[in-house]
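User: I am new to this structure and would like to learn how its features are read. Could you guide me through it step by step?
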Amino acid sequence: MLLKTTNMKFINKIAITFILMVSFAFSSQAQEIISEQAPVKKDTVEPFKRKKIDGIIATVGEYIILDSDIDMEYIELSSQGISVENVSRCELLGKLMEERLYAHQALQDSTIVVKDSEINNMMEERVGYMLSQIGSMEKMLKFYNKKNEEDFRSFFFDVLKQNKLSSEMRNKVVDEVEITPEEVRTFFKKIPKEDLPTFGAEMEVSEIVIEPKISKEEKQKVIDKLNEIRDDVLNNRASFTTRAVLYSEDPGSRSIGGFIKMNRKTQFVKEFKETAFSLNEGEISKPFETEYGFHIILVEKIRGQEVDLRHILIAPKVSDDALREAKEKAQLVRKRIMDGELSFADAARSLSDEKETKANGGVLLNPKTMDSKFELTKMDPTLYGYVSNLKDNEVSVPILDEDHRKMKKYKLLMVTNRIDSHTADYAIDYTKIKDLALKEKQFDAIGKWANEKIMETYIKINGEYRNCEFMNNWLKK
């Protein structure tokens with residue numbers, strides 16, 4: 001996978017190869033098997049037009065690949081918006097074999113441990129999401145050609161475990177790859193001047209956030225309401241599930257009665273996890289506060305390090321007076337900056353209520369790249385709408401916004417740097433160039449690793465697929 005070309009296509013090759021390398025499909029397993037001597041018809045242009053007899057087309061270690069797995073791979077890539085017009089079945093077979101090789105080698109690696117409990121948690125989350133999208137278990141069984149839910153869950157467990165093993169093994173190979181500044185420089189210098197990529201216009205944006213203050217009276221109203229619900233469940237045998245549907249403000253669990261399955265590694269805020277794991281089965285917590293509002297938790301079942309629980313979330317309401325005061329404060333901060341009394345960065349550090357950005361002077365990080373630059377063509381439309389007409393050193397008027405907690409707040413925004421569309425420059429675009437150089441080195445490392453492991457792994461390719469030209473030496477010629 002080492003890049004050899006000297007034209008602009010090599011930049012696109014990095015991106016396309018990386019997408020194919022990290023895209024793990026939920027491969028389907030068919031019901032009918034044919035003998036390995038039977039020819040397998042290739043159909044690289046229109047993979048779904050003819051109905052083929054399914055069968056084993058390749059074996060990697062203890063894993064098999066069916067012809068239908070390639071069809072499912074086409075569906076998965078298309079669902080992700082990736083064009084499959086010029087992707088052949090041979091290329092997808094190579095990708096699937098590479099994934100199976102990772103999974104097989106992960107089983108041999110004592111440092112990689114994938115617990116069944118972890119896969120079961122993943123399965124519950126994925127099945128829940130898929131049901132919300134497809135509509136019913138019957139439709140899902142039909143889509144995956146499974147007889148019943150038990151058959152489907154067994155199949156899906158195996159798929160998720162294989163994908164997890166494959167991901168862990170691939171990550172281990174990739175994570176061990178590091179790149180030095182000198183290697184980045186060498187990578188950049190080898191690109192012909194006429195083939196240097198062009199990077200689009202970018203900008204850096206900073207923010208100051210002023211949150212309205214919630215009164216003690218509003219907080220007490222919520223606490224009293226949760227205590228009322230708690231007492232009703234404990235003393236009057238009211239249904240916690242029903243109360244969650246009626247009163248909880250958590251959109252992710254309200255419709256299912258506040259139900260959550262979690263373990264100590266599940267990503268929840270600290271206060272929620274500490275409270276959940278301090279309760280016994282059947283116990284209901286007293287109201288407690290997190291950044292999202294106030295909660296009560298009912299623990300239904302404890303299984304070692306796993307807990308089944310239900311919770312109710314209610315957030316205190318922000319009064320009109322508190323909103324008005326927050327806006328007035330934001331207006332005053334803006335005036336002080338525009339008058340030159342203090343800089344935007346100093347105001348963010350001392351006055352902003354946004355913990356994630358105040359320490360670095362209010363600088364926003366691009367969630368896609370985790371650096372401070374936003375490419376204009378890929379910028380969030382709402383953010384772009386706020387800042388596109390701002391002049392240099394101009395601070396926006398207070399903008400009413402809602403965060404992930406559905407809490408209203410006011411923002412001040414400022415464009416702190418503008419970068420016009422330009423040909424790649426080593427000094428300006430070091431981070432982007434470093435990412436490209438690192439990907440190339442990772443591809444190189446993965447290719448070397450794969451070729452070494454292929455020689456020590458049982459691999460068999462059946463039928464016409466033996467005529468494929470693979471990037472890796474799967475046929476061990």
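User: In which helix does L234 lie?

Analyst: This is a predicted model. In it, L234 belongs to helix α8, which covers residues 216-236.

User: Is L234 buried, partly exposed or exposed, and why?

Analyst: The class follows from relative accessible area: under 20% is buried, over 50% is exposed, and values in between are partly exposed. L234 has a relative accessibility of 43%, and therefore counts as partly exposed. As for its place in the fold, the C-alpha atoms of L234 and E283 are separated by 9.2 Å, while the two residues are 49 apart along the chain.

User: Where is F155 found, and is F155 buried or exposed?

Analyst: F155 is part of helix α6, residues 149-175. Its relative accessibility is 5%, so F155 counts as buried.

User: What pLDDT does the chain have on average?

Analyst: The pLDDT expresses the predictor's confidence in each residue, from 0 to 100. The average for this chain is 85, and 88% of the residues score at least 70. Among the elements, helix α12 (residues 344-351) has the highest mean, 96, whereas helix α1 (residues 9-22) has the lowest, 41.

User: Let us turn to helix packing. At what angle do α2 and α3 pack?

Analyst: Two helices that touch can be described by the angle and the distance between their axes. Helix α2 (residues 67-79) and helix α3 (residues 89-108) pack at about 100°, and their axes are 10 Å apart. An angle of 65 to 115 degrees counts as roughly perpendicular, and α2 and α3 are therefore roughly perpendicular to each other. On the α2 side the contact is made by D67, D69, I70, D71, E73, Y74 and L77; on the α3 side, by R89, L92, L93, K95, L96, E99 and R100. By residue class, this contact has six nonpolar, no polar and eight charged members.

User: How do the axes of α7 and α15 cross?

Analyst: The axes of helix α7 (residues 181-189) and helix α15 (residues 430-455) cross at roughly 90° and come within 9 Å. These two helices are therefore also classed as roughly perpendicular to each other. From α7, the residues P181, E183, V184, F187 and F188 meet Y430, I433, K434, L436, A437, E440 and K441 of α15. Here the division is eight nonpolar, no polar and four charged.

User: How is a pair of strands read, and how many bridges join β1 to β2?

Analyst: In general, the strands of a sheet pair through backbone hydrogen bonds, in either a parallel or an antiparallel manner. In this model, β1 (residues 56-60) and β2 (residues 63-66) run antiparallel and are joined by four bridges. In one of these pairings, I56 has L66 of β2 as its bridge partner. The two strands form a hairpin with two residues between them, and G61 in the turn has a positive phi of about 60°.

User: What is the order of strands in the sheet that contains β5?

Analyst: The order is β5-β8-β7-β6, an open sheet of four strands with antiparallel pairing. β5 (259-263) and β6 (288-290) each have a single partner strand and stand at the edges, so one side of each lacks a neighbour in the sheet. Neighbouring strands are turned by 50° against each other on average, direction ignored. β6 pairs with β7 (residues 293-303) over three bridges in the antiparallel sense, and T290 has G293 in β7 as its bridge partner. Helix α9 (residues 240-247) lies across β7 and β8 (306-314), at about 40° to β8.

How values were computed:
Residues numbered from 1 in each chain as written. Predicted model: local features only at pLDDT ≥ 70, side-chain atom pairs only at ≥ 80, totals over all residues. Heavy atoms only, no water. Axes fitted to C-alpha atoms, helices over the stretch in contact; angles between N-to-C directions. Parallel < 35°, antiparallel > 145°, perpendicular 65-115°, else oblique. Contact = heavy atoms within 4.5 Å. Nonpolar A, V, L, I, M, F, W, Y, C, P; charged D, E, K, R; others polar. Pairing = 2+ DSSP bridges. Buried < 20%, exposed > 50% of the residue type's maximum accessible area, 1.4 Å probe, protein only.
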